[in-house]
Amino acid sequence: MKELLAVRVFAMFVSRWVLERESLSRAGGGLLVAEAGQAGRGRRDRRDRGDVPGWVMVTVMTAALVVALMAVAVPQLRDVFTNAIDSVVGNG
């Protein structure tokens with residue numbers, strides 16, 4: 001359940017980040033285009049657009065992979081840490 005919540009929060013963060021970036025790009029891009037003139041407008045818009053959906057998908061998939069790996073690894077790492085501490089303290 002915690003993993004699903006973490007994925008949802010991360011997805012919400014990424015979507016807000018993308019929206020902010022697009023709005024800033026539109027606001028700032030207009031100034032650059034106005035300075036470049038009409039001849040550079042099409043070239044500038046195409047170059048600035050990038051591959052945002054692809055990078056968002058890569059980021060979300062990476063986050064999901066990390067959450068899935070942590071769901072498996074955290075209990076085992078906790079056991080390793082507990083055993084190490086117990087052996088140092090003398091409980092094991």
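Q: Which residues form a nonpolar patch on the surface?

A: Patches are made of residues with over 30% relative accessible area and no salt bridge; like charges are joined within 9 Å, and nonpolar side chains (Val, Leu, Ile, Met, Phe, Trp, Tyr) within 5 Å. A salt bridge is a side-chain nitrogen of Lys or Arg within 4 Å of a carboxyl oxygen of Asp or Glu. Here the nonpolar patch consists of Phe81, Ile85, Val88 and Val89, which together have about 430 Å² of accessible area. Such areas come from the Shrake-Rupley method with a 1.4 Å probe, and for residues only the protein chains shown count as cover.

Q: What kind of model is this, and how are its residues numbered?

A: This is a predicted model, in which local features need pLDDT of at least 70 and side-chain atom pairs count only at pLDDT 80 or more, while totals for chains, interfaces and linings use all residues. Residues are numbered from 1 along each chain as its sequence is written, and side-chain values use heavy atoms, with hydrogens and water left out.

Q: How many helices and strands does the chain have?

A: Helices (H or I, at least four residues) and strands (E, at least two) are DSSP runs, numbered from the N terminus. The chain has three helices and zero strands, in the order α-α-α.

Q: Is valine 89 buried or exposed?

A: Buried means under 20% relative accessible area, exposed over 50%, and partly exposed in between (1.4 Å probe, protein chains only). Valine 89, in helix α3, is exposed because its relative accessible area is 57%. The buried residues of α3 are Gly54, Ala63 and Val67. Of the 92 residues of the chain, 9% count as buried.

Q: Where does α3 bend?

A: A bend is the angle between axes fitted to the seven residues ending at a residue and the seven starting there. In α3 this angle is about 35° at alanine 73, and proline 75 follows within four residues. The helix has 38 residues and spans 51 Å from its first C-alpha to its last, close to the expected 56 Å; the expected span is 1.5 Å times one less than the number of residues.

Q: What separates the C-alpha atoms of alanine 6 and alanine 63?

A: These atoms are 9.3 Å apart, although the two residues are 57 residues apart along the chain. Alanine 6 belongs to helix α1 (residues 2–36).
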